[in-house]
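Please keep the sequence and the structure in view while reading.

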Amino acid sequence: MSNTLSAEYILARSLPEQTNGLFSVAAVEWLVRNRNANGLAPHMRKVNGKIYLNFPAFMDWFESQQA
């Protein structure tokens, strides 16, 4: 795995720290649990029981959401 690729993926559970608390732990759990319905499934990978999130793709997804 290249450094660029590995730098793009973060543990999903670290999202609250990566976004300065914008997302709570409960919100992240909901996003992961509903990834097939909310469109995040293509940006997540499960490896050895841990969920990884492509952070740049997540931010693009987040910016595309409307209230």
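## Terms and basis

A residue is called buried when its relative accessible area is under 20%, exposed when it is over 50%, and partly exposed in between, with a 1.4 Å probe and protein chains only. Helices (H or I, at least four residues) and strands (E, at least two) are DSSP runs numbered from the N terminus.

The model is predicted, so that local features need pLDDT of at least 70 and side-chain atom pairs count only at pLDDT 80 or more, whereas totals for chains, interfaces and linings use all residues. Residues are numbered from 1 along each chain as its sequence is written, and side-chain values use heavy atoms, with hydrogens and water left out.

Val-28, Leu-31 and Val-32 are the buried residues of α3. They lie on the same side of the helix, because they cover an arc of only 95° around the axis, the arc being that of the directions from the helix axis to the C-beta atoms. These buried residues pack against α2 (15–18), α4 (35–38), β2 (44–47), β3 and α5, where contact means heavy atoms within 4.5 Å. On the face turned away from the buried side, α3 carries the exposed residues Ala-26 and Arg-33.

## The nonpolar core

A nonpolar core is a set of buried Ala, Val, Leu, Ile, Met, Phe, Trp, Tyr and Cys residues joined through side-chain atoms within 4.5 Å. The largest one has 13 residues, of which Leu-15, Leu-53 and Phe-58 touch the most other members. At least two residues of this core come from each of α3 (25–33), β3 (50–54) and α5 (55–64), and α3 gives the largest share, three residues.

Apart from neighbours within four places in sequence, Leu-15 is in contact with Ile-10, Phe-23, Val-28, Leu-53, Phe-55 and Phe-58.

## Two loop asparagines

Asn-20, in the loop between α2 and α3, has a positive phi of about 50° although it is not a glycine. Asn-48, in the loop between β2 and β3, likewise has a positive phi of about 50° without being a glycine. Most residues other than glycine have a negative phi. Asn-20 is exposed, with a relative accessible area of 76%, and Asn-48 is exposed at 78%.
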